[in-house]
Amino acid sequence: MNEIPIKNLFNKGKVTSNSYIVPTSGRINTQSNFSVSDYIPVTPTTTYSKLNTGNYQVCYFNSAKVYLSGINFQSRLFTTPSNCYYIRITIYESKSTGIDSAMVLLGDIEHSDYIPYEPETFPDETSTNPGLEDATENTLNSDILKNDWKGRSWASYGDSITYLNQFSDGGWAHYVSDYFETANHYTRGVGGSTISFNTAYTFYCDEKGQTVSSSSSYDGIGHNCCFSSWDRIYTTLNKIDIDMIIIMGGTNDFAAGYSLGDLSFSSSNSFDTAWISSSYYNGGDYSIKSFKGGLASTVMKIQALKPNCRVILATPLSGRTNTAMVNMTAPQINRNGNTMEHFSNAVMEVGHFLSVPVIDIYGNTGINFFNSNQFIRDNTHPNTIAGKKAIASVIIGELKRILPRNF
């Protein structure tokens with residue numbers, strides 16, 4: 001019988017240098033003397049060996065390259081989960097380990113001379129099948145076009161549900177960045193912030209605009225935290241180059257009982273004095289003390305500041321409950337008699353009014369008041385892996401149909 005040749009599945013030509021993979025989220029963090037592999041195709045429920053890598057992280061991903069789980073300080077042998085089709089591993093650079101000697105091998109293999117990685121090859125059938133060459137080329141081009149956001153930079157702009165994205169094991173955005181292999185993601189979330197304008201709360205940020213504590217602020221200035229505030233928009237977005245921004249909010253507007261309002265634009269709307277005094281001022285504003293007006297103003301101002309950036313709205317998350325981890329049999333109603341669905345519909349209306357794409361988080365995650373405790377740890381935030389993945393999966397699916405402005 002012919003023996004099946006041993007193949008090295010690790011491609012040292014495709015690594016992320018000076019990085020390691022976080023086993024609890026699948027996110028890539030910076031760390032000298034470490035490297036992270038590219039996605040390595042594997043078979044579910046199968047044992048593999050990793051040699052000359054060091055005993056560090058292995059993360060498992062499904063067929064869509066969405067993070068499933070991970071193991072820290074994993075030794076030589078590991079077995080893939082039942083729904084795992086890709087892995088990524090951390091390699092430690094030392095005298096005995098490193099990308100030049102690292103291997104991932106099928107089966108229980110204790111040692112082996114180094115085997116160079118060889119890509120999969122397939123028989124050349126084009127000579128016996130006329131037209132296949134053109135079909136193959138079209139298929140390859142189609143595969144390339146599926147990831148129009150690869151190498152792009154983007155920002156998530158929102159409240160505390162977005163703020164969690166700036167932590168290594170925090171929010172939903174890491175799954176989106178990893179899936180599309182984006183170059184940079186900037187978290188621009190402020191906890192407790194509303195889309196509707198008010199002057200009650202401020203936030204502090206670092207020099208590029210990411211939220212920090214007051215003691216870490218680069219300017220020591222408390223900035224207005226409302227989505228529609230020109231102070232917040234300019235301070236958080238002016239110093240970054242982005243191809244896309246996803247705006248998601250409404251949870252705090254619902255809780256505070258802000259009115260839904262309308263989409264009236266007028267020169268007499270003068271609450272945002274920073275906007276009026278800016279060089280970008282266009283002669284007016286929306287009724288920013290209401291939800292619809294605040295959201296329309298947010299879009300208008302970001303488009304003025306970032307004219308080449310694709311602005312995308314997202315509806316607020318469903319599943320908010322009165323008590324943490326306790327499901328309900330009907331949706332919450334705020335003091336104005338509105339449910340979160342009213343705010344979701346308002347986001348859809350603003351998106352259509354201003355001709356910007358809307359990703360319907362509210363209507364597509366599968367999270368609702370009957371099953372909220374599977375996804376939300378408190379009564380508001382989707383801090384569980386299931387909750388973060390539910391949001392990310394909807395955003396990933398919708399981004400496949402939205403192109404960058406400069407495609």
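Predicted model: local features only at pLDDT ≥ 70, side-chain atom pairs only at ≥ 80, totals over all residues.
Me: How many bridges join β12 to β13, and which residue stands opposite Cys 205?

Reply: Strand β12 (residues 202–205) is joined to β13 by two bridges, and the two strands run antiparallel. Opposite Cys 205 stands Thr 211 of β13.

Me: Which strands form a hairpin with five residues between them, and which residue in the turn has a positive phi?

Reply: The hairpin is formed by β5 and β6. Strand β5 (residues 58–61) and strand β6 (residues 67–71) run antiparallel and are joined by four bridges. Cys 59 has Gly 70 in β6 as its bridge partner. Five residues lie between the two strands, and Lys 65 in the turn has a positive phi of about 65°.

Me: In what order do the strands of the five-stranded open sheet lie, and is the pairing parallel or antiparallel?

Reply: In a regular strand, side chains alternate between the two faces of the sheet. The case here is an open sheet of five strands in the order β11-β10-β15-β18-β19, with parallel pairing. The edge strands are β11 and β19 (358–359), each pairing on one side only. Within this sheet, strand β15 (residues 244–248) pairs with strand β18 (residues 310–314) over five bridges, in the parallel sense. The bridge partner of Ile 245 in β18 is Val 311.

Me: What describes the packing of two helices, and at what angle do α7 and α8 cross?

Reply: Two packed helices are described by the angle between their axes and the distance between those axes. Helix α7 (residues 291–305) and helix α8 (residues 340–354) have axes that come within 10 Å and cross at roughly 40°. With that angle, α7 is oblique to α8. The crossing of α7 and α8 is right-handed.

Me: How far apart are the axes of α3 and α10, and at what angle do these helices pack?

Reply: The axes of α3 and helix α10 (residues 385–399) are 8 Å apart, and the packing angle is about 45°. This angle makes α3 oblique to α10. The crossing of α3 and α10 is right-handed.

Me: Which elements line the second largest pocket, and what classes of residue does the lining hold?

Reply: A pocket may be read through its volume, its lining and the classes of its residues. The second largest pocket holds about 650 Å³ of space. Its lining comprises 24 residues, and nearest its centre lie Ile 28, Ser 177, Asp 178, Thr 182 and Ala 183. At least two lining residues come from each of β1 (15–21), β2 (28–37), α3 (173–180) and β11 (184–189). Helix α3 gives the most, with four residues. By class, this lining has 13 polar, six charged and five nonpolar residues.

Me: How many cavities of 30 Å³ or more does the structure hold, and which residues line the largest cavity?

Reply: A cavity is a set of points where a probe fits but cannot get out. The structure holds three cavities of 30 Å³ or more, and the largest cavity has a volume of about 100 Å³. Its lining residues include Phe 254, Leu 317, Arg 320, Glu 341, Tyr 362 and Phe 369. By class, the lining of the largest cavity has six nonpolar, four polar and two charged residues.

Definitions and conventions: Residues numbered from 1 in each chain as written. Heavy atoms only, no water. 1 Å grid on protein atoms, 1.4 Å probe; cavity = no way out; pocket = protein on both sides within 12 Å on 5 of 7 lines; lining within 4 Å. Points joined across faces, edges and corners; volume = space filled by probe spheres on them. Nonpolar A, V, L, I, M, F, W, Y, C, P; charged D, E, K, R; others polar. Pairing = 2+ DSSP bridges. Axes fitted to C-alpha atoms, helices over the stretch in contact; angles between N-to-C directions. Parallel < 35°, antiparallel > 145°, perpendicular 65-115°, else oblique. Left-handed = near helix turned anticlockwise from the far one by under 90°.
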